[in-house]
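Subject: A structure for you to look through

Dear colleague,

My notes on what was found in it follow below.

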Amino acid sequence: MMLSVCMATYNGAEFVVRQLNSVLSQLSENDEVVVVDDGSKDRTVDLIRETYGNRVQVHVNPENLGVIKSFEKAISLAKGEVIFLCDQDDEWESDKVEKVLAAFRQSDASVVVHDASVVDGKGELIHKSWNSYNGNVISQGIIGNIIKNAFTGCMMAFKKEMVPFFTPFPKSIEMHDQWIALVAKLRKEKIVYIDEPLMKYYRHGGNVTGMKKRPVTAQIKGRLGTMSAIMNYKK
């Protein structure tokens with residue numbers, strides 16, 4: 001089974017080698033890492049190419065597209081039967097791939113998600129469980145997930161056969177990971193949750209994705225946009 005790891009990068013030179021080392025140590029030569037860089041102003045792209053050569057594919061956006069479209073592009077380029085989403089600034093535990101693949105095999109799932117430990121920029125533990133830190137909302141339904149997203153992309157993997165059902169990403173959605181999960185729920189696909197921290201989720205203050213306080217009006221607009229996309233979705 002070929003695996004694809006899809007990463008979107010932006011000014012990630014400080015973190016990306018740590019993350020890619022933790023990813024590549026778990027992949028075979030037949031697997032791939034697809035990076036879409038969204039116009040980094042630092043040495044992110046050069047650093048990846050110098051460190052990994054052809055082992056990591058790097059595609060640079062001609063203009064800044066944002067995180068959602070960058071992940072959409074990476075997913076569209078992926079060839080693996082199972083696709084892992086990956087942020088530039090975290091660190092995978094050494095058994096993440098093994099345990100996620102075991103969950104796919106044992107349950108015939110379409111989507112597998114897992115927990116993570118939450119750490120600060122120095123790697124010091126903030127909380128042992130992201131799911132608990134995020135409010136234990138992983139089991140909520142469609143409406144609940146529109147109000148508060150329970151699915152974090154960097155803790156998610158899915159079968160490639162799911163891709164045509166959730167791409168292209170609607171322009172109105174808040175985040176790609178939320179949309180993938182919502183589509184899976186709408187289609188009644190099997191989603192399996194591994195109640196175990198399989199990565200370190202870094203919260204260093206400069207994260208592109210994650211917990212960020214937005215104005216209430218922006219939150220409402222985002223939720224209405226996602227709701228509209230769900231109402232117009234054709235299975």
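Helices and strands are DSSP runs, numbered from the N terminus, where a helix (H or I) has at least four residues and a strand (E) at least two. Please keep in mind that this is a predicted model.

With that naming in hand, you can find Pro62 in the loop between β3 (56-60) and α3 (67-77). Pro62 has a relative accessible area of 82% and is therefore exposed, since exposed means over 50%. Between Pro62 and Leu85 there are 22 Å in space from C-alpha to C-alpha, while in sequence the two are 23 residues apart.

Next, please look at helix α1 (residues 16-24) and helix α2 (residues 44-52), whose axes come within 10 Å and cross at roughly 40°. That angle makes α1 oblique to α2, and the crossing of the two is right-handed.

In one, the side chains of Arg43 and Glu50 meet with N and O 2.8 Å apart; Arg43 counts as partly exposed at 41% relative accessibility, whereas Glu50, at 57%, is exposed.

Another salt bridge joins Glu93 and Lys200, with 3.2 Å between the closest N and O atoms. Glu93 lies in the loop between β5 (91-92) and α4 (96-107) and Lys200 in strand β9 (residues 191-203), so this pair ties together parts that are 107 residues apart in sequence. Glu93 is partly exposed at 23% relative accessibility, and Lys200 is partly exposed too, with 25%.

A further salt bridge connects Lys159 with Asp108, and here the closest N and O atoms are 3.2 Å apart. This pair also links distant parts of the chain, as Lys159 is in strand β8 (residues 156-159) and Asp108 in the loop between α4 and β6 (111-120), 51 residues away. Is Lys159 buried or exposed? With a relative accessible area of 17%, Lys159 is buried, whereas Asp108 counts as exposed at 56%. You will also find Asp95, Lys99 and Glu196 linked in a network of salt bridges.

Finally, please turn to the surface, where Val216, Ile220 and Leu224 form a nonpolar patch with about 300 Å² of accessible area together. Val216 is placed in helix α9 (residues 216-231), and its relative accessibility of 57% is why Val216 counts as exposed.

Definitions and conventions: Residues numbered from 1 in each chain as written. Predicted model: local features only at pLDDT ≥ 70, side-chain atom pairs only at ≥ 80, totals over all residues. Heavy atoms only, no water. Patch = residues over 30% accessible without salt bridge, like charges linked within 9 Å, V, L, I, M, F, W, Y side chains within 5 Å. Areas by Shrake-Rupley, 256 points an atom, 1.4 Å probe, with all protein chains shown as cover. Salt bridge = Lys/Arg side-chain N within 4 Å of Asp/Glu carboxyl O. Buried < 20%, exposed > 50% of the residue type's maximum accessible area, 1.4 Å probe, protein only. Axes fitted to C-alpha atoms, helices over the stretch in contact; angles between N-to-C directions. Parallel < 35°, antiparallel > 145°, perpendicular 65-115°, else oblique. Left-handed = near helix turned anticlockwise from the far one by under 90°.
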